[in-house]
Amino acid sequence: MPDHDSPAERRPARRWDPSARARATLDGLEHLVGGIGTGALALLVLVGLVLVGLLCLVGVGLPLLPGALRALRAVADRERARLTRWGPGDLISPDPVPDGWRAAIKRPASRRELAWVLPHATIGLLIGFVGLTLPFSAVRDLLYPLYWQVLPPGETAGAGLGIWDADTFPSALAVSPLSLFWLALTLAFVPVMARLQAWPGRRLLAADPATDLALRVAQLTATRAAALDAHAAELRRIERSLHDGTQNRIVAVTMLLGAARRALARDPATADAVLESAQNAAETALAELRAVVRSILPPVLADRSLPDALTGLAAASPVPCRIDAEVPGRCPASVEATAYFVVAEALTNIAKHSQATRAQVTVRRDDAWLRIEITDDGRGGAAESGGSGLSGIRRRTEAHDGTFALTSPAGGPTTMNVSLPCGL
């Protein structure tokens, strides 16, 4: 009987990627710092809420309650914005806090924010500080041989986790390898601690199910309209390419063939030159038709992977372009075609408008998302208006329920970020 492996056995082992882990650790440190900021604000608001609660016990704090809840809402909105930038998903701020204290306290959003502020102001703040001590401890022990002599007497006993007394240079030098221990702890625990710090906000600051459903319906309506617009624009592009290019070439071939027939009757010697012109026109029409077909769904995506297809685009770009793509496995064909279109259109814009000397395309598959970042060192000032093609990139992206962001200050650099959902 055939040996049927289990799904877990058939699944290829995931190779540990040091660069990906380093990026995750840096992202985790960034979010821990942001969490410390909102945690400090939450601690101030928590102290104010406790004072207002104590005043409410004696009957004079009820008028202050709506103002305290508005301050809580302001801090919670900063946490929502921080978690939204981190992703995945958007945390939408609920309706404003009403004026009356009864209506304010009855709002489910206010109660969820009250449940969030205590853990974030205490445990979240503690997690942030503990997470930041790990890389600082690594730097401290790494540089210990450089500053141990300037420490006051008795302070050297705390070196090396208190294991030995570093009162000589060899013993101080032996402290440095401990930085590897702290570095390992940083790589292992900082991303986890960042997610743990964000967990109460994602659970308690999200919109209630009814609001989330209404927002989702509105988003799907907008993306459906964007998909229809993108489809109509693509049909217009194909029709324009066929009408202005291929059709004119075929008409020229027809006219040349007619001229050749007439030349055969009058002057057979000239018919050969006319037929050669007709053949050249037919070959040109065939090449243009192939270009139109390839623009619909590039065959290179079927024959090769997305990184290989993007490498071909970079090789044909007038501006020197570096491709940094890590896409394990294959994404859906429509997602790969959209990613190919986004990069092709962006490189065309860079060559036409940016006056850049180099560009870089970074592609990563992060769980269920394909993330594309395109940067150039051009003059900046890119905008979706003016026929730059950026609006077409946005429509294509939103048609797939993805996200599009453009940062292009005057003087550069320009950075375009596109995220496309591609399933697990």
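1. Gly411 takes a positive phi near 95 degrees in the hairpin of β4 and β5, where 6 residues lie between the strands. Strands here are DSSP runs of E of at least two residues, and helices are runs of H or I of at least four, both numbered from the N terminus.

2. This is a predicted model, in which local features need pLDDT of at least 70 and side-chain atom pairs count only at pLDDT 80 or more, while totals for chains, interfaces and linings use all residues. Residues are numbered from 1 along each chain as its sequence is written, and side-chain values use heavy atoms, with hydrogens and water left out.

3. Strand β4 (residues 403–407) pairs with β5 in the antiparallel sense over 5 bridges; pairing requires that DSSP finds at least two bridges between two strands. Ala405 has Asn417 as its bridge partner in β5.

4. Strand β5 (residues 414–421) also runs antiparallel to β3 (residues 369–376), joined to β3 by 8 bridges. Here Leu420 of β5 is the bridge partner of Leu370.

5. Helix α2 covers residues 18–57, 40 residues in total. From first C-alpha to last it reaches 56 Å, close to the 58 Å expected at 1.5 Å a residue; the expected span is 1.5 Å times one less than the number of residues. Just after α2, Gly59 has a positive phi of about 90 degrees.

6. The structure holds 0 disulfides, a disulfide being a pair of cysteine sulfur atoms within 2.5 Å. Cys422 is in none, and the nearest cysteine sulfur, that of Cys331, is 4.1 Å away. Cys422 is buried at 6% relative accessible area, whereas Cys56 is partly exposed at 22% (buried: under 20%; exposed: over 50%; partly exposed: in between; 1.4 Å probe, protein chains only).
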